[in-house]
Amino acid sequence: MKHQDFVRQDALLLLENALEGSGGGGSGAAYLEAFRIIMRGGVSDKSFIVRVAAARCLKAFANIGGPGLGMAEIDTSMSCCVKVFANLVSHS
C-alpha cells in the first residue's frame with residue numbers, strides 16, 4: 001500500500017466521524033457536498049482500503065438518516081456499498 005492510500009483513508013475516516021458526530025443536524029448543502037466527495041474521491045478509488053472507508057462514510061449517512069440526499073443519491077450509495085462489501089467478502 002502507498003502512503004497516499006492511507007492519507008485518503010484517514011481523510012474519509014475523519015469525514016465518517018464528522019457525519020456521525022453531526023447526528024444529521026447540519027445543513028443539507030454540507031451533507032450533499034460530503035456525499036459528492038465520498039462518491040468522487042472514495043467509492044471509485046483504486047485502493048481497496050479507500051473504497052472500504054468510503055463505504056463506511058455512506059453507512060454513516062444511512063445511520064443519520066441521509067440528510068440532504070434524494071432518492072437518486074441514496075440508490076447510488078446503496079449499490080456502491082453492496083459492491084464494496086461484496087469485494088470485502090471475496091478478499092477475506
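Mentor: Happy to! Contact means heavy atoms within 4.5 Å, and helices are DSSP runs of H or I with at least four residues (strands: E, at least two), numbered from the N terminus. The model is predicted, with local features needing pLDDT of at least 70 and side-chain atom pairs pLDDT 80 or more, while totals for chains, interfaces and linings use all residues. Residues are numbered from 1 along each chain as its sequence is written, and side-chain values use heavy atoms, leaving out hydrogens and water.

Let's look closely at helix 2 and its partner, helix 3. From helix 2, the residues that meet helix 3 are Tyr 31, Ala 34, Phe 35, Ile 38, Met 39, Gly 41, Gly 42 and Val 43. Facing them from helix 3 are Val 50, Arg 51, Ala 54, Cys 57, Leu 58 and Phe 61. By type, the residues of this contact divide into 11 nonpolar, 2 polar and 1 charged (Ala, Val, Leu, Ile, Met, Phe, Trp, Tyr, Cys and Pro count as nonpolar, Asp, Glu, Lys and Arg as charged, and the others, Gly among them, as polar).

How do the two helices lie? Their axes, which are lines fitted to C-alpha atoms over the stretch in contact, with angles from 0 to 180 degrees between N-to-C directions, come within 9 Å and cross at roughly 155°. That makes helix 2 roughly antiparallel to helix 3 (over 145 degrees; under 35 is roughly parallel, 65 to 115 roughly perpendicular and the rest oblique). The crossing of helix 2 and helix 3 is left-handed, meaning that the near helix is turned anticlockwise from the far one by less than a right angle, whereas clockwise would be right-handed.

Helix 2 also packs against helix 1, at an angle of about 155° with the axes 12 Å apart. So helix 1 is roughly antiparallel to helix 2, and this crossing is left-handed. Here Leu 12, Leu 15, Leu 19 and Ser 22 of helix 1 make the contact with Tyr 31, Ala 34, Ile 38 and Gly 42 of helix 2. Those residues divide into 6 nonpolar, 2 polar and no charged.

Now zoom in on Ile 38. Not counting residues up to four places away in sequence, Ile 38 touches Leu 12, Leu 15, Leu 19, Val 43, Ala 54, Cys 57, Leu 58 and Phe 61. Ile 38 is also among the residues with the most contacts inside the largest nonpolar core, together with Leu 12, Leu 19, Val 43, Leu 58 and Phe 61. That core has 19 residues (a nonpolar core is a set of buried Ala, Val, Leu, Ile, Met, Phe, Trp, Tyr and Cys residues joined through side-chain atoms within 4.5 Å). Helix 1 (3-22), helix 2 (28-43) and helix 3 (48-63) each give two or more residues to the core, and helix 3 gives the largest share, 8 residues.

Finally, glance at Glu 73, which is found in helix 4 (residues 71-91). Leaving aside neighbours within four places in sequence, Glu 73 is in contact with Leu 32 and Phe 35. Glu 73 and Phe 35 are 38 residues apart in sequence and 8.2 Å apart in space, C-alpha to C-alpha. With a relative accessible area of 23%, Glu 73 is partly exposed (buried is under 20%, exposed over 50%, partly exposed in between, using a 1.4 Å probe and protein chains only).
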